[in-house]
Amino acid sequence: MYAVIGGSGLTQLSEFEIVRKDVMRTPYGEPSGVLTLGRLAGRDLVFLARHGYGHTIAPHEINYLANIWALKEMGVEGIISVASVGGIRADLYTGSLVIPDQIIDHTHSRRNTFFEGADQPVVHIDFTHPYTETLRQALKVAAQTIGEEVFDGATYACTQGPRLETRAEISKLERDGADIVGMTGMPEAALAREADVPYAALAVVVNPAAGKGSSAQTVSMEDIKKTLDVSMVKVCKLLSAFVARTPN
Ligand code: HPA
């Protein structure tokens with residue numbers, strides 16, 4: 001059984017038949033909301049809304065440890081993280097779907113490891129390739145089966161938020177090699193690795209990053225909302241195609 005963590009604009013999956021809702025408690029506190037178990041494309045699936053079902057939890061307030069712990073506890077085979085991002089690289093047009101392969105972490109003041117505290121050993125996980133390659137490829141193949149374009153490989157810069165970036169910050173991220181920018185990719189990806197749960201992300205470009213293209217002067221929240229509405233239909237189709245290809 002796979003899990004989907006839904007980001008902004010994805011608090012539920014179309015065609016997902018809900019079977020049960022589990023309230024989970026973890027040693028790290030409560031996850032962002034109930035874990036919704038159900039069936040999609042004939043397969044079991046767990047869904048969790050990263051920002052809560054009423055979209056009230058800001059990126060820096062998300063209990064990433066509780067979310068990953070709860071999914072691990074459910075015994076999921078892997079996690080697909082859906083996240084909206086700003087596009088930095090010019091060919092990543094608004095509305096495009098991206099499967100990132102690298103991360104640059106600019107977050108701070110977020111609890112970012114399971115391995116801390118007096119009773120915990122010091123553990124340094126390998127994070128050379130932050131996403132699970134087999135899952136990345138499975139997402140790509142799922143997209144091909146439904147004829148949906150996806151960009152394979154991109155560097156995701158994770159900012160602290162909740163504010164968007166300045167033009168200069170985006171220029172710097174671009175010079176650093178970042179292709180997309182979001183606020184929730186970390187520490188989520190690292191915690192999944194610590195928990196030994198396969199993890200890949202499906203990023204949806206919902207706006208040109210600050211200073212780019214139509215965001216030259218301002219980033220339009222209204223445009224973001226419109227893009228989210230259209231793009232999440234594609235995302236749901238892709239997720240259905242993905243789970244349909246996983247063993248029952
Ligand atoms: N920056 C950071 N996070 C985002 C953006 C952005 O431009 N768009 C959606 N999430």
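This is a predicted model: local features need pLDDT of at least 70, side-chain atom pairs count only at pLDDT 80 or more; totals for chains, interfaces and linings use all residues.
Residues are numbered from 1 along each chain as its sequence is written, and side-chain values use heavy atoms, leaving out hydrogens and water.

View 1. Cys158 is buried (under 20% relative accessible area, where over 50% is exposed and in between is partly exposed; 1.4 Å probe, protein chains only), with a value of 0%. Cys236 is also buried, at 8% relative accessibility.

**View 2. The largest nonpolar core.** A nonpolar core is a set of buried Ala, Val, Leu, Ile, Met, Phe, Trp, Tyr and Cys residues joined through side-chain atoms within 4.5 Å. The largest has 41 residues, and Leu10, Leu13 and Val235 touch the most other members. Elements that each supply at least two residues include β1 (2-6), β4 (43-49) and α5 (221-244). Helices (H or I, at least four residues) and strands (E, at least two) are DSSP runs, numbered from the N terminus. The largest share, 10 residues, comes from α5.

**View 3. Around Leu10.** Beyond its neighbours within four places in sequence, Leu10 is in contact (heavy atoms within 4.5 Å) with Phe47, Val82, Met232, Val235, Cys236 and Leu239. A second, separate core has 38 residues, among them Leu35 and Tyr156.

**View 4. Helix α1.** Eight of the 11 residues in α1 (64-74) are buried. Among them are Tyr64, Asn67 and Met74. Just after α1, Gly75 has a positive phi of about 80°.
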